[in-house]
Every structure is written in structure tokens, then in C-alpha cells.
Amino acid sequence: VRNCTEREAQLNDLLDDLLSADSRAELDRHLRECAGCRETLADLRTLRVRTSELPHSLEPERDLWPAIRGSLARGRGGIAGVLTQFWTRTDSPGGSPVPRSGRILATAAAALALLVAGIVAIRRAPATSGGPTAPPPDAALLRHIESEYLGPTAQLRAALDRQRGAAPPGSLEVLEDNLRIVDEAIRQVRSAADRDPDRTVDEQLFANLHRTQFRLLQQAVRLSSQDTEEQPI
Amino acid sequence: MEDLVRQARRGDVAAFEALYRSHVGRVHALCRRLGDPGRAEEMTQEVFVKAWRNLGSCPVDRPFPGWLCRVAIHLILTDNRSTRRRSRWEVSGGDSVSQARGASPAPTGLALDLERAIEQLPPGARQVFVLHDVEGYGHEEIARLLGVSAGTSKAQLHRARRLLREALGS
């Protein structure tokens, strides 16, 4: 015969529907005779009801998005700062040193190195030649570069979406992190070209960005395919 | 929702903001109940930054909210462990609801009474109670998350319920 202190675990198991039929029948017999255990069970059920009524959502007292947004920019390797220097105004060939990123990821470093190389080339030209600044970007040429990569990258993205579920969690993390950096770089370059015709852009650099994007996607698809193939049959 | 996740995965910050707006309350609730309530907003921010960085591992065929909650739970539990190592903020030993962790505002109403009582549970009991009774996790999974046995998880749950019944006078 158990005392009522030892019944506490049984009462919890009853609440959680974890008792065997025999144990439940034995506990039911005890409950008919023990007011204390009946009260404990009632309390547990009340607690369960009150717990189920807790809100699933508790809004913070302030909007956290501005701080999160700032962290996202920093977390992407300070790309906005680098991209600022990807461009040069035709009336302002000088500039400050290229900032060092705190979070440049391995593969993205290649893309960023291309950006830096492009910046140097653009800035040196006016200083050494003393001639006119670079011509405005050829919008048709940029569109041509984009169109070359549009179909292949779309196919790779679709393949990656299909295969992503098969990849172990975290296996694509670095690649996709890098890919987001390059995607954002392309988006910002394109957006600035549309917005401000006074800026110049190195079309070779723009093509290099697309090429890097394509290669990252290729690597991600290859990685997720290998993961799928390695699954035991 | 799936479209927003796809867009965010490709670096679309506006899409990620939409995901944040839809889920911030859910994540903040988890941070408040499972972690240090005084750091709930800070942890909520960290969860979303981590989610952004790890979107690539979010399966496209599974619901985003569940994935996000798992990211939050892992981050909160990791933070709890490191915080305990640093400052020992939990009140160890005694089987009474602690009065030492008063980081939350004065409660009003039954639900807030319960919120306050949960916040003041000893950390081990609180984590298991929130994961089991509030979030619906089973003991096996809780045991894996917390690095304890399923039996310990069960014992902590019973302890938490006993302490809450006493605290609430129910």
C-alpha cells in the first residue's frame, strides 16, 4: 500500500495519460477512498487548464526590428559599406580606404576581392590619366550580362529548393550565407544603376558577381546532390 | 509564408521583416518563459539574427514557425547554460518558488499570476514545465534538449507542477 506522497507521480502520470490500465484501475480505487489525492488531482487539472489558456504570443514592449535590421547588415559582412565603394561618382574620383569586414565568409571573400579590385581600377583611372572620368554604365550591356545568367541560375535555384530537404541541417549554411551576400550585391548594384545615372559601374565586375553567384549555386546543388546520394538505400 | 521564406533565403530583408512581424510575439513568449525574463528582448533579437543566418537549413517542406521555435529553444537553452555558469542566477536547492528573480512587472489577472509563478520556478523545473506543458514536447525530446535523462525530465515536471500549485494556492 502506497502513501499519498508516493501517489503524486501516479497522479501526474494519470494527468499525462501515461498510466497502464492496471495502474489506472488501482489508482481509481484509491481515489474513491482518498479525499487528499482527489484534491491534488483536481488542482493538477486546474493548473493544466490555466496553462492551456496562456497566450502563445507575447509582444515585446518595443519594436525590435531596427536593432535586428542593423545586426543583419553587420552579419552580412558590412556589404553595404563595401558596395558604397563599388561605385564612384563621376564628379568625385577620390575616396576613403576600403573598410575591412568583420564577417567575411570564405567564399564570399572571393566576390568581395573582385569588388575591391574593381574599386581600385575605377579610382586609379582618373588620377593617373588626368582625363575624363569613366563613361556612364551601358544599361544594355548590364541587361545582357543579367540575361546570360538568368536562366541557368533559375534552374540551379529550383534544383537547390528541391534537394535542400535532403541535406543535413547546417550543411549548406556557409554557401547560402555567401550566396545571400552576392545576391544582395547584385541587387544593390542594379538598383543603384537604375536610380542614379551619374554613377559608373565596371561591367566586368558586374559579370564577375553573376559568375560568382552561378558558381555558389553550382556548389550548393552539388553538395545537396552528394548528400542525397550518400543516404543509405 | 513559404514565398516569404524563399525570398528571405535569397537575401530579401523586406521578406524577412514580414516573417519577423508575424512571429516576434511567439519567439518573445518563448524567450520570456524559457530564458531569463530580464533578457527576453535581447534574446528575441538574437533568435531572429540567428534565424536569418541559418535560413538555408530551414527545410522548404516543413513549417517555418516550428523551425523558428526550434532555433529559439536551442539558443535560449544554450544561453541559460552559459548564464548559469557565469553568474549562477538560479536559486539552487530549495523546493520553493524563488522570490529572487523579480525581473518582470507586477502581474494582474490569473494568466499573469501564472506567468509570474512560472518565471520564479527553479530553472530546471521551469525549462521542463515550459517545454512539456506549454510547448507540448515529450520527455524524450526534452531529455535530449537539456542533456538529462527522461526520468529527470519527468521528475522536474512533477516538481514544477507541485511548486506552481503551491504558489498559486490552487
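This briefing looks at one helix in chain A and one arginine in chain B. The model is a predicted one, so every value here was computed from it. Start with helix 2 of chain A, residues 21–33, then move on to Arg33(B), which sits in helix 2 of chain B.

**Helix 2 of chain A: length and faces**
- This helix has 13 residues and spans 19 Å from its first C-alpha to its last, close to the 18 Å expected at 1.5 Å a residue.
- Its buried residues are Leu27(A), His30(A) and Leu31(A).
- Looking down the axis of helix 2 of chain A, you will find these buried residues within an arc of 100°, so they line one face of the helix.
- The face turned away from the buried side of helix 2 of chain A carries the exposed residues Ala21(A), Asp22(A), Arg32(A) and Glu33(A).

**Its neighbours in chain A**
- The buried residues of helix 2 of chain A pack against helix 1 (7–15) and helix 3 (35–52) of chain A.
- Helix 1 and helix 2 of chain A pack at an angle of about 115°, and their axes are 11 Å apart.
- On the helix 1 side, the contact is made by Arg7(A), Gln10(A), Leu11(A) and Leu14(A).

**Arg33(B)**
- Is Arg33(B) buried or exposed? Arg33(B) is buried, with a relative accessible area of 2%.
- Its side chain makes a polar contact with the side chain of Glu115(B), at 2.6 Å.
- Arg33(B) also touches residues of chain A, including Leu54(A), Pro55(A) and Leu58(A).

Technical notes. Residues are numbered from 1 along each chain as its sequence is written. Chains are lettered from A and ligands numbered from 1 in the order in which they are written. This is a predicted model: local features need pLDDT of at least 70, side-chain atom pairs count only at pLDDT 80 or more; totals for chains, interfaces and linings use all residues. Side-chain values use heavy atoms; hydrogens and water are left out. Helices (H or I, at least four residues) and strands (E, at least two) are DSSP runs, numbered from the N terminus. The expected span of a helix is 1.5 Å times one less than its number of residues. Buried means under 20% relative accessible area, exposed over 50%, partly exposed in between (1.4 Å probe, protein chains only). The arc is that of the directions from the helix axis to the C-beta atoms. Contact means heavy atoms within 4.5 Å. A polar contact is a pair of N or O atoms within 3.5 Å; within protein, one must be able to donate a hydrogen and the other to accept it, and residues adjacent in sequence count only if both atoms are side-chain atoms. Axes are lines fitted to C-alpha atoms, for helices over the stretch in contact, and angles run from 0 to 180 degrees between N-to-C directions. Lists of a residue's contacts leave out its neighbours within four places in sequence.
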